[in-house]
Amino acid sequence: MIIIAGCTGDLSKKKLFPAINKLFRRELYNCTNTNYTNKELDLTDATLSSSTSAHNLSKYSPITHANPKDSKCNKNYLEATESKILYKKILQGDLLINNNIKIPRIIGYARSILNSTQFIQRIDPNISYLKETISNIEYYSGEYKDMVSNIYGMINEEYNMDSTVSNEPIYFYLAVPPEIYPSILKSVKILKNNGNNGIFKLPILLIEKPIGTSLNSFLQLKQDILSDLDRSLCVDHYLFKNVMVMYKDLYTTSVLQDIIVPEHISEVKAYFNEVIGVSGRESYYNTSGACRDVLQNHLLLIISTVLAGTNSRLSILQDITALTEGGTVFGVYKEYYKVISRSISVCDSVRESYSETSLEKISKIKNIPNKEIKNNGNIKNTDVKETFIRTVTKIGGNWNIPLKMTAGKKMPSHFVGVILIMKKSGILKFAKQKTDVKDYENLKLLEKIIKKLENPSKLDQDTQDISLSDDICVETDESVNESEESTENFDKTKNTKKTTISGKIKIKITPKEEISVELKYKNKLAKKVNIPIPKTEDKIDAYEHLFHQLIFKEDYSNFSALSEIEEQWRIVDPILDSENIRRVYY
């Protein structure tokens, strides 16, 4: 059973429910043993589904076309009612059940007073839902503090009527604001202490990050979670991106395990650059900012996953030095600044009356004038949270290397990933390794690289490992528009000595996942190895991976631990909401 708290919110409508449905559509596709394409899998007019939008049932769905003689796939098509929501039960074999695949009971829970049909109408109308998915969705309303007791009261009452007991896990997915977490955690504690779960399993909480807004607020929440630690799973959906799910296996079966080690890496660069802005989310973003929203929430775990390989992410996070004001630059993009500066004049009562309206629309409705940006782009108004952050720190321990992180909205190109700069030892090791016929190598340039690196006197003159001083700062004349393209010329960057030989490892997560290792000699490509990533062509969504692990495997390995989240907050806490960090306008 899966209970989604906050089921009327954007996360549930746009991510969670579609992911559950897509997961079982994919399973249905596997049941048929057909070879129709993924494009056909995504068709919204297939006869397999009861769409929440106006239906246009095709005469030839992929399954009926592939198996025209199969009695289970005969011409008994689903029909929508006049509401275009409810399906008509018909005499047709259930392919999923016949293949021992069961869709769990799915309960949406929120404060809004709706019935199940009205709730289903709120789900994205552009998505076709399987009949079996729609039939398993229910809706209940109430206060979140009463949610756990209400659900367990309901299932215990149902048991008293038909004595049916399920041994399956009961998951509560908390897709609600963090300030609601304490009341739900308290109700779980009461349920456990009083034994009110009856004969049913205790709930497992899936807690959507961020957990807390600072180190102190996290530590307060942690006390409530620790009382039932084995029943709580922390969700960072970037750890469920396909390349992150596959990373450990890729690490152990490729060249990565030989070169992503302390003795072969000289520097780490991590990016979370997005071309989109925060239009419509200004109110939320101005309570968060780029540091909390992506650097603390996602980027640090991505970095630790990449460096850890098959080892513990926690040890990597513990080795990262906390960020400093002098090593950080904040930025705010123009349109966002204007919206926030105008909306500062909006009183709380007006904000509440327009609770589902963006700050930009509120400002226009109230005809609030723009505030101009002054001081040559240096923003003095710290009430405006950053949409960009660049910071430099250090990974200590065995690594002892610099870590440079950049995250921002409205960037010139989209790039989320990690780039590792290789030391001379790593370059030499990679240069000597055999390559597959699909990989690229220039034998003449490789010969020059190996010869140069095996000559110590010449090597010391031409290639020097990057070191980090104790007082490193971000250069204030750097553009905030650094992107993936600028990292292509990382051997030419300011403040580093130009080298004849360079090597890097790129782990790209979005927009297109990719892992590659390359060497250059005098800026000419000498060798490049692309590491194939399984299931890339399947385009499996992060939340689909998440629910697949929960429903079919009961595998919790990709969830983040409280100890990891505490270290993430420790790293960023010194700079949160600081008035002393230089702010630039872009």
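A salt bridge joins the side chains of D577 and R292, with N and O 2.8 Å apart. The two residues come from distant parts of the chain, 285 residues apart. D577 sits in the loop between α24 (562-572) and β16 (582-585), whereas R292 belongs to helix α14 (residues 289-308). D577 is partly exposed, at a relative accessible area of 42%. R292 has 11% relative accessibility and counts as buried, because the cut-off for buried is under 20%. The model is predicted.

The protein chain has 586 residues, and buried residues make up 52% of them. Its secondary structure comprises 24 helices and 16 strands. Of the contacts between residues at least 6 apart in sequence, 79% join residues at least 24 apart.

The whole structure contains 15 salt bridges. One of them pairs E267 with K404, and the closest N and O atoms are 3.0 Å apart. E267 is buried, with a relative accessible area of 2%. K404 is partly exposed, at 29% relative accessibility.

A further salt bridge involves the side chains of R313 and E564, at 3.0 Å from N to O. R313 lies in helix α15 (residues 313-319) and E564 in helix α24, so the pair connects parts 251 residues apart in sequence. Both ends of this pair were examined. R313 is buried, with a relative accessible area of 14%. E564 is also buried, at 7% relative accessibility.

Helix packing was examined for α7 and α8. Helix α7 (residues 147-162) packs against helix α8 (residues 181-194) at an angle of about 45 degrees, and their axes are 8 Å apart. This angle makes α7 oblique to α8. On the α7 side, the contact is made by M147, V148 and Y152. On the α8 side, I184, S187, V188 and L191 take part. The contact has six nonpolar residues, one polar residue and no charged residues.

Individual strand positions were also considered. E518 lies in strand β14 (residues 514-521). E518 is buried, with a relative accessible area of 8%. Beyond residues up to four places away in sequence, E518 touches F430, S502, G503, K504, L525, K527 and K528. V332 is located in strand β8 (residues 328-332). V332 is buried, at a relative accessible area of 1%. The C-alpha atoms of V332 and G289 are 9.6 Å apart, and the two residues are separated by 43 residues along the chain.

The structure holds zero disulfides. Two cysteines were checked for burial. C7 counts as buried, with 0% relative accessibility. C234 is buried as well, with a relative accessible area of 2%.

K209 and P210 are joined by a cis peptide bond, with omega about 5 degrees. P210 is in the loop between β5 (203-208) and α9 (215-226). A cis peptide bond also joins T510 and P511, with omega about 5 degrees. P511 is in the loop between β13 (501-510) and β14.

Positive phi angles were found at non-glycine positions. N400 is not a glycine, yet has a positive phi of about 50 degrees. N400 occupies the loop between β9 (388-395) and β10. N400 is partly exposed, with a relative accessible area of 48%. K535, likewise not a glycine, has a positive phi of about 70 degrees. K535 is placed in the loop between β15 (524-530) and α23 (542-553). K535 is partly exposed, at a relative accessible area of 38%.

Conventions:
Residues are numbered from 1 along each chain as its sequence is written. This is a predicted model: local features need pLDDT of at least 70, side-chain atom pairs count only at pLDDT 80 or more; totals for chains, interfaces and linings use all residues. Side-chain values use heavy atoms; hydrogens and water are left out. Helices (H or I, at least four residues) and strands (E, at least two) are DSSP runs, numbered from the N terminus. Buried means under 20% relative accessible area, exposed over 50%, partly exposed in between (1.4 Å probe, protein chains only). Contact means heavy atoms within 4.5 Å. A salt bridge is a side-chain nitrogen of Lys or Arg within 4 Å of a carboxyl oxygen of Asp or Glu. Axes are lines fitted to C-alpha atoms, for helices over the stretch in contact, and angles run from 0 to 180 degrees between N-to-C directions. Angles under 35 degrees count as roughly parallel, over 145 as roughly antiparallel, 65 to 115 as roughly perpendicular and the rest as oblique. Ala, Val, Leu, Ile, Met, Phe, Trp, Tyr, Cys and Pro count as nonpolar, Asp, Glu, Lys and Arg as charged, and the others, Gly among them, as polar. A disulfide is a pair of cysteine sulfur atoms within 2.5 Å.
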